[in-house]
Structures are given as structure tokens and as C-alpha cells.
Amino acid sequence: MLGRCLAAAVLLAATAACGASGSPPARGPQPEQLPHYDVAEDFSLPSSPTWKSAHRRGELTVGVKEDQPGMGEKNPATGEYTGFDVEIAKMMAASLGFDPDKQIEYKAIASANRETALQNGQIDYYVGTYTINEGRKKLVGFAGPYYIAGQRLLVRRDEKQLKGPQDMAGRKICSAVGSTPLQRIQADHPRAVAVAYDSYAICVDNLLNHQVDAVTTDDTILLGYAAKDPERLKVVGKAFSEEPYGIGVPRQDRALARALDKALVARERSGDWKRAYDATLGLSGRPAPEPPRVDPALTRR
């Protein structure tokens with residue numbers, strides 16, 4: 001842990017001690033409590049080269065994250081992936097005619113490599129806190145959005161004063177080095193004391209050890225940490241940014257994007273979307289929001 005402290009980058013002369021004793025316990029979605037998704041029978045999508053290739057192989061290859069509690073996390077002991085993004089990936093597979101328990105190969109793809117993985121055919125689609133924006137739309141296609149994330153604050157359960165960005169003056173607010181949330185705190189809330197470490201996990205350690213007052217990033221990531229330790233952590237306040245998460249697909253495969261859009265609508269109406277949320281991010285104690293409407297303009301390029 002000492003090495004982690006020495007490696008951490010701390011801004012504005014803020015210093016803090018690290019301690020493993022404060023780390024959240026290994027809690028989260030339990031396999032027996034996750035939803036089951038009915039597989040579409042006799043499904044066919046011959047206009048999609050991606051679907052046709054997967055159908056020939058007999059399985060889908062899906063890109064995910066492996067280090068985001070509540071969204072996409074790999075169990076190092078079992079190799080199993082869990083989280084809300086993983087559940088979205090599974091229900092989409094079922095809607096495309098693939099058994100999500102037997103016909104998905106997950107590949108952990110780092111954020112910087114997502115576009116390349118889709119362009120090179122390494123994966124069929126990507127579900128991993130993938131914000132839809134203009135720059136990415138020039139490189140890949142999107143279905144969705146399936147969730148609207150936003151920057152919020154993670155605080156200790158007994159915190160009563162810090163409820164949003166309006167309360168951050170003089171308080172130590174932690175985020176990851178080089179992250180957009182950190183930059184937003186520095187630019188838009190200069191009276192806050194910005195503290196940066198190499199990862200959000202170190203920020204959470206220091207929050208639990210009372211070395212910082214809050215952790216800030218996308219609420220999905222924060223809800224994942226809160227779900228692991230709801231007795232000591234909570235997410236507060238309204239979002240002060242907007243991050244529409246989409247399913248990344250190969251740019252020219254509009255047929256696949258449209259099929260995924262249709263599947264999202266159907267799974268929201270059936271209650272599968274909410275069941276997936278409740279079994280993952282919902283463990284934080286925060287009720288499921290209304291799912292966003294898919295944006296058909298994404299498939300009209």
C-alpha cells in the first residue's frame with residue numbers, strides 16, 4: 001500500500017495516507033440473483049455482416065470493462081464478469097438469438113482501444129461505459145443510449161453537509177489523474193481542493209480513511225463502489241454533467257445497430273432493463289432511473 005501512496009499524484013499540495021483497512025469489501029452482484037433473459041428463437045439478421053460472422057462461429061465476441069464495480073468487473077478467482085454493462089450485453093445477445101450463458105466470449109478492452117477493436121473486428125459490439133459523442137461517431141456506430149450517466153459525488157454514509165458541487169468549497173474532492181471529472185472540478189469549482197490519484201480505488205480507500213471528503217466521477221462507477229459497501233458509502237446530489245452510454249458497433253453495420261435499438265426498447269418494456277439495474281447498480285440503494293429513449297438518428301448516417 002505504501003507503494004501506491006508514493007505513486008499517487010496529489011494536486012494542490014494535498015497529501016494523504018493510504019490504508020487497505022478502509023477498502024470496500026468484495027461485494028456486488030451475486031450470480032444466483034441475476035436475471036434470466038429469454039433467447040429469441042429463429043432470429044436472423046442477414047443484412048448484418050457482424051451478426052452473420054458471429055452466427056457462423058456460434059458465439060458473439062463482446063467487449064467489456066473488467067475493473068469497474070457494478071458496471072463491468074471480472075472476478076479474478078472465477079473469471080466471471082458481472083455488472084450492469086455485462087447484463088446489457090447479455091440481454092442484447094439473447095435478443096440476437098444467442099444464449100448469453102453459453103454463446104458469449106467476453107474481451108476486456110481498455111477505453112483507448114475501443115474504436116480499434118471495433119474497426120478491426122476483434123469484437124462484435126462493445127458495452128462498457130461508452131459515452132456517445134461526436135468524435136467517436138466518426139469512427140464507430142452506436143446503438144442506444146441505454147443509460148444517461150452524470151458526474152456525482154461519493155461520500156461516507158454519515159456525511160450530512162456535502163450534498164453536491166455547491167458544498168465543495170474547502171473540501172477535498174478526489175478523482176483520477178487526467179480524468180475529465182477531475183478537470184471539471186478544477187475548472188468549474190476552483191474553491192474545492194482537488195486531489196488526484198492513479199485510480200478511483202485509491203480515492204475510495206482514502207475516503208473511507210477520512211483523508212478526503214468525496215470521490216467524483218461518473219455516477220455509474222460511484223454507484224458500483226456504493227453497492228459494494230452500502231453501510232459506509234453513498235452517492236449524493238444531482239448529476240452535474242451528462243454522459244449518454246451507448247453500445248458500440250462497427251461503423252458501417254447499421255443493421256446491427258438498429259437491431260440493438262429494437263432490442264433495448266423491448267427489454268425496457270419487458271422489465272429486463274430494470275431487473276438488470278436492480279441486481280447490479282441497484283445494490284447501492286439508489287432506485288433505478290427511467291431508461292433513456294434510444295436515438296434513431298444514430299443509425300441514419
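How many bridges join strand β8 to β12, and in which sense do the two strands run? Four bridges join β8 (residues 151-156) to β12, and the pair runs antiparallel; strands count as paired if DSSP finds at least two bridges between them. Within this pairing, Val155 is positioned opposite Lys234 of β12. Strands (E, at least two residues) and helices (H or I, at least four) are DSSP runs, numbered from the N terminus.

The model is predicted: local features need pLDDT of at least 70, side-chain atom pairs count only at pLDDT 80 or more, and totals for chains, interfaces and linings use all residues. Residues are numbered from 1 along each chain as its sequence is written, and side-chain values use heavy atoms, with hydrogens and water left out.

The two strands belong to an open sheet of five with mixed pairing, in the order β10-β9-β11-β8-β12. Its edges are β10 and β12 (233-236), each of which pairs on one side only. On average, neighbouring strands are turned by 35 degrees against each other, direction ignored, with axes fitted to C-alpha atoms, for helices over the stretch in contact, and angles running from 0 to 180 degrees between N-to-C directions.

Because four of its five residues are buried, strand β10 (residues 193-197) is largely enclosed by the rest of the structure; buried means under 20% relative accessible area (1.4 Å probe, protein chains only).

Technical notes:
Buried < 20%, exposed > 50% of the residue type's maximum accessible area, 1.4 Å probe, protein only.
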